[in-house]
Amino acid sequence: MRDTRESRLLLVLLIAIAFALITVDIRGGQESPVDGARQAAAAVFGPVENGVAAAVDPIGNAIGAVRDSGERHTRIAALEKENAELKAELGSDDRNRNRLRELDAMLKTAGAGQYGIKGAQVIAIGAAQGFSWTVTVDVGARDGIKRDMTVLNGSGLVGRVTTVGPSTSTVLLANDPDFTVGTRMEKSDELGFATGQGDRPLLVQLLNGKAKVKPGDRLVTFGSRADKPFVPGVPVGEVVRVDPAGGGLTRNIYVRPYVGFTKLDIVGVVVQAPRSDPRDTVLPQKPKPAPTVTVTVTPPPPDGQAADGQAADGQRDRQGQNQRNQQGQDQGDPTP
């Protein structure tokens, strides 16, 4: 297309329409008029993302090399193929071990909280229909996934489901600026609301402006009505900074999330909420401090006293020996 006045006007018009749709979508929330378009996009792009993920998965791929002529080239090709297969095998084993660790941790978390989960794998970063901190997982409506379900992994809260397609779903991550979740402090039960800040710690606004909080304190999800979009008791993170109390009605703290949002792989969608609030039982146990070893050192006596003491001990030993010898002689002498 040539750079004409009409083409520039068309470009400006398309940009204006795009911003208008984004604004309508954000204000619409769950009742957004473009939600149908998002679901349609998920239905179209989901199978493609699944296919791409399967194509680049080293666990299911065979790596080979082809050479077209000459004995030397054939030998080089065979060696390269063998080397590539060995590397792929080692890489697959490492990845499998890592996945098994993630799966084991997630199952322990789900068991501690009595969450019924559907396991899933992250197959894409960022949704095709938005610009938020999102991931796409390989489960959808066919797997019983619905909108506004909690997503977690072995570390804690990952996010919530926002869009569901037939075989894939979009998850809004907890560090997204549009993400908000109710939280509860461990032990003190102070309530607040956590908001994502991208790659920075979560901002948590406590409802009690005089709440006593210190770095190292931990938070879990408070839960939502009917357990959607959040079930209670999911670990959120650990306090790293506390704003000074200014006498206001609320107080801000900053929380480092347990989940690493840039390295997600195996996650679980909570399809069944726990029968009762697990409270703090899902939080990992804090490491116990190592016992302190106390060593008592007795100072030695001065040199002069030590020498005098040793001489006195020697003299007492000699006197005792002489007495024993004298007694022996007395017993051995005949009676006059």
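These exercises walk through a predicted model, each with a worked solution.

Residues are numbered from 1 along each chain as its sequence is written. Local features need pLDDT of at least 70 and side-chain atom pairs count only at pLDDT 80 or more, while totals for chains, interfaces and linings use all residues; side-chain values use heavy atoms, without hydrogens and water.

**Exercise 1. State how many helices and strands the protein has, and what share of its residues is buried.**

Step 1. Count the elements. The protein has four helices and 12 strands. Both are DSSP runs, numbered from the N terminus: helices are H or I with at least four residues, strands are E with at least two.

Step 2. Check burial. Of the 336 residues, 34% count as buried. Buried means under 20% relative accessible area, exposed over 50%, partly exposed in between (1.4 Å probe, protein chains only).

**Exercise 2. Find the strands that pair with strand 6.**

Step 1. Locate strand 6. It spans residues 180–185, and five of its six residues are buried.

Step 2. Apply the pairing rule: DSSP must find at least two bridges between two strands.

Step 3. Take strand 7 (residues 191–197). Five bridges join it to strand 6, and the two run antiparallel. V181 has A194 as its bridge partner there.

Step 4. Look at the hairpin of strands 6 and 7. Five residues lie between the strands, and K187 takes a positive phi near 70°.

Step 5. Take strand 9 (residues 218–221). Three bridges join it to strand 6, again antiparallel. Here R184 stands opposite V220.

**Exercise 3. Trace the contacts of V239.**

Step 1. Contact means heavy atoms within 4.5 Å.

Step 2. Leave aside neighbours within four places in sequence. The partners of V239 then include M185, V213, L219 and I253.

**Exercise 4. Decide whether D148 and A226 are buried or exposed.**

Step 1. Take D148. Its phi is near 65°, a positive value in a residue other than glycine. D148 lies in the loop between strand 2 (134–137) and strand 3 (150–152). Its relative accessibility is 8%, so D148 counts as buried.

Step 2. Take A226. It has a positive phi of about 60° although it is not a glycine. A226 sits in the loop between strand 9 and strand 10. Its relative accessibility is 69%, so A226 counts as exposed.
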